[in-house]
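Hi,

Here is the structure I said I would pass on. Have a look at it first, and my notes follow below.

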Amino acid sequence: MNLGFRTLDGSPDYMRLALRLAARGAGWVSPNPLVGAVVVRQGVVVGRGWHRRYGGPHAEVEALRAAGERARQADLYVTLEPCHHHGKTPPCTEAILNAGISRLFIATLDPNPHVTGGGAAYLRQMGLKVETGLLSAEAQRLNEAWFTWLHTGRPLVIAKAACSLDGRLATVTGESQWLTGPQARTFAHRLRHQVDAVLVGINTVLADNPQLTTRLPKKGNSSLTPLTSHRIPPTKTSSPAKDPIRIVLDSRLRLPLEARLLHLTSSAPTWVATTPNAPPEKIHALEKLGAEVLVLPADQGRVALPPLLSFLGQRHIQSLLVEGGADVLGSFFDQKLVHKFYFFYAPKFLGGRQAPGVLAGRGTARLQDCLTARHLSIRRLGPDILITGYL
């Protein structure tokens, strides 16, 4: 199929197609990265593939299988350096050589210090022409959670909140459902699908009794926008969405045994993060219901967040969506632990001194010390406005 792209050496059009394909694996491939691949022969796309699920074939293998004999003397565009080691699947470098590829274009090298450059160097030694760095920034943004986890040992922390235009999470009586419209809520569920875990505080559970599951259409018209970049168009999937691991911050284990998130049919587990002061009998009762209780160091009586993030990193949690409430969000912002945020604003004004704002916590005493957002993007979701940015 000729897609009408320019037949240039290292054409960014083909790499953009590979990035769009890679994004289709969002939510399914962790702890592996998102990877897409495109085989091009004489200006025609003859094979395409992406890493669909953890443990499944890699993108390069899928694209080469689709191309078949047409891969000989063709170009291969891949969003991440091909692996040169045995894991759950054989090395992609061998598949590339066996297919007869003549030129390889790589968006970004693998950041793992034990891997970086190995696949590219090996293929060069074997006679392939290899170019790296084509749309590198876009490729790294696509896998920002994976890169963050590899570099820091902790997950990418994403703060999410839905509020009124005057920054209130609820009315003075505590009513908050539903501030935003159906389009914004659907987008929020897409975020849940794409992250490894979602976190709330015990006050949110006591007030709202949430499920913290992903509720999206089960048919093929579910458009999943990668949480990594709005510059990559939405992709389509025919697979049902997945639920993230549910985490509740509960330093005194006040979580009711009747809470809905303890009685779900979801395949994703519920974790309860608490402190050494938690009652042993409540720990036993929660574990009997299937929850995993994480006993972590305390900070002024509350679960210390840095040890929690380090523990999550050790459990291969690469992306964490923090949904609140105000105290939890405030603590993450106070401690400068947030990497990215999604704030949804409904066209409503709630007012009231007692109405909760988006962020509680200590706050900032001086403007010169405040956190500043960068790389902002703004979009409409029905009547609501979504602001996304980084810290």
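How many helices and strands does the protein have? There are 11 helices and 18 strands, taken as DSSP runs (helices H or I with at least four residues, strands E with at least two) numbered from the N terminus.

Before you read on: this is a predicted model, where local features need pLDDT of at least 70, side-chain atom pairs count only at pLDDT 80 or more, and totals for chains, interfaces and linings use all residues. Residues are numbered from 1 along each chain as its sequence is written, and side-chain values use heavy atoms, with hydrogens and water left out.

Of the 391 residues, 53% count as buried (under 20% relative accessible area, 1.4 Å probe, protein chains only).

Now the helix packing. Helix α2 (residues 59–67) and helix α3 (residues 92–99) have axes that come within 9 Å and cross at roughly 20°; axes are lines fitted to C-alpha atoms over the stretch in contact, with angles from 0 to 180 degrees between N-to-C directions. That makes α2 roughly parallel to α3 (angles under 35 degrees count as such). On the α2 side the contact (heavy atoms within 4.5 Å) uses Glu60, Val61 and Leu64, and on the α3 side Cys92, Ala95, Ile96 and Ala99.

α3 also packs against helix α4 (residues 118–125), at about 30° with the axes 10 Å apart, so these two are roughly parallel to each other as well. Here Thr93, Glu94, Ile96 and Leu97 of α3 meet Gly119, Tyr122 and Leu123 of α4.

Cheers

Note on methods:
Angles under 35 degrees count as roughly parallel, over 145 as roughly antiparallel, 65 to 115 as roughly perpendicular and the rest as oblique. Buried means under 20% relative accessible area, exposed over 50%, partly exposed in between (1.4 Å probe, protein chains only).
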